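Please examine the sequence and the model before reading the solutions.

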Amino acid sequence: TTGSGKKANFSGMAIAGKIYERHTFLTEFLTSIGVNPETATEDACKIEHVISSESFSALKKYLADKEEK
């Protein structure tokens, strides 16, 4: 494997980790507000790919702040 191949692999792993974090968070959030777990999983799969980093971060912050109160 060349150096650039390893770099691409690490980049791919970082992207996969980011998508997995979004998927997990969104699935948990949707089920917490009453969405059927199967539907929540399906919807999270769709949302995780289109939500911007800015919106995802804001949603996480909003919910974290709300939990602290």
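Predicted model: local features only at pLDDT ≥ 70, side-chain atom pairs only at ≥ 80, totals over all residues.

**Exercise 1.** Determine the order of the elements and describe the surface of the chain.

*Solution.* Begin with the secondary structure: the chain contains 3 helices and 0 strands. Read from the N terminus, the order is α-α-α. Next, consider burial: of the 69 residues, 17% are buried. Finally, the chain exposes about 5200 Å², and carbon and sulfur atoms contribute 59% of this area.

**Exercise 2.** Classify Thr-27 as buried or exposed, and identify its contacts.

*Solution.* Locate the residue first: Thr-27 belongs to helix 1. Its relative accessibility is 15%. Buried means under 20% relative accessible area, and Thr-27 therefore counts as buried. Then inspect the polar side-chain atoms: one of Thr-27 lies 2.8 Å from the backbone oxygen of His-23. Leaving aside residues up to four places away in sequence, Thr-27 touches Ala-40, Thr-41 and Ala-44.

**Exercise 3.** Classify Ser-32 as buried or exposed, and state which backbone oxygen its side chain reaches.

*Solution.* Ser-32 is also placed in helix 1, which spans residues 3-32. The relative accessible area of Ser-32 is 55%. Exposed requires a value over 50%, so Ser-32 is exposed.

Note on methods
Residues numbered from 1 in each chain as written. Heavy atoms only, no water. Helix = DSSP H or I, 4+ residues; strand = E, 2+ residues; numbered from the N terminus. Buried < 20%, exposed > 50% of the residue type's maximum accessible area, 1.4 Å probe, protein only. Areas by Shrake-Rupley, 256 points an atom, 1.4 Å probe, with all protein chains shown as cover. Polar contact = N/O pair within 3.5 Å; in protein donor to acceptor, adjacent residues only side chain to side chain. Contact = heavy atoms within 4.5 Å.
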